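Please read the points below alongside the model.

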Amino acid sequence: MADPSPIDIQKALGGMEYPASREDLVQHAKDKGADGAVLETLENLPDREFDSPTDVNKEASK
């Protein structure tokens, strides 16, 4: 499965309030109907608080 683009990740996280935990991000994306690649990427993020969409994208691109 191809890695999702930062745009795909942010579409799935639209309306998310920060700071947010990894679990918050995954649940929000699921609620918005994110595809499997986006959910897998979010589930593989470190278990910590994320301060902004940019913070999520930086970690997801590692």
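1. Leu-45 sits in the loop between H3 and strand E2 (49-50); helices (H or I, at least four residues) and strands (E, at least two) are DSSP runs, numbered from the N terminus. With a relative accessibility of 3%, Leu-45 counts as buried (under 20% relative accessible area; exposed is over 50%, partly exposed in between; 1.4 Å probe, protein chains only).

2. The model is predicted: local features need pLDDT of at least 70 and side-chain atom pairs count only at pLDDT 80 or more, while totals for chains, interfaces and linings use all residues. Residues are numbered from 1 along each chain as its sequence is written, and side-chain values use heavy atoms, with hydrogens and water left out.

3. Which residues does Leu-45 touch, not counting those up to four places away in sequence? They are Arg-22, Leu-25, Phe-50, Val-56, Glu-59 and Ala-60, where contact means heavy atoms within 4.5 Å. Ser-21 is 24 residues from Leu-45 along the chain, and their C-alpha atoms are separated by 9.8 Å.

4. Arg-22 and Leu-25 also belong to the H2 side of a helix pair, in which Arg-22, Leu-25, Val-26, Ala-29 and Lys-30 of H2 meet Leu-39, Leu-42 and Glu-43 of H3. The axes of H2 (residues 22-31) and H3 (residues 36-43) come within 9 Å and cross at roughly 170°; axes are lines fitted to C-alpha atoms, for helices over the stretch in contact, and angles run from 0 to 180 degrees between N-to-C directions. H2 and H3 are therefore roughly antiparallel (an angle over 145 degrees).

5. Asp-55 lies in helix H4 (residues 53-60). Is Asp-55 buried or exposed? Its relative accessible area is 16%, so Asp-55 counts as buried. Apart from neighbours within four places in sequence, Asp-55 is in contact with Arg-48, Glu-49 and Phe-50. Phe-50 is also one of the residues that Leu-45 touches.

6. The chain has four helices and two strands, in the order α-β-α-α-β-α along the sequence. Its radius of gyration is 10 Å, close to the 11 Å that the globule rule gives for 62 residues, so the chain is as compact as a globular protein of that length (radius taken over C-alpha atoms; the rule is 2.2 Å times the number of residues to the power 0.38). The C-alpha trace spans about 30 × 25 × 20 Å along its principal axes.

7. Of the 62 residues, 37% count as buried. Among contacts between residues at least 6 apart in sequence, 51% join residues at least 24 apart.

Note on methods: Parallel < 35°, antiparallel > 145°, perpendicular 65-115°, else oblique.
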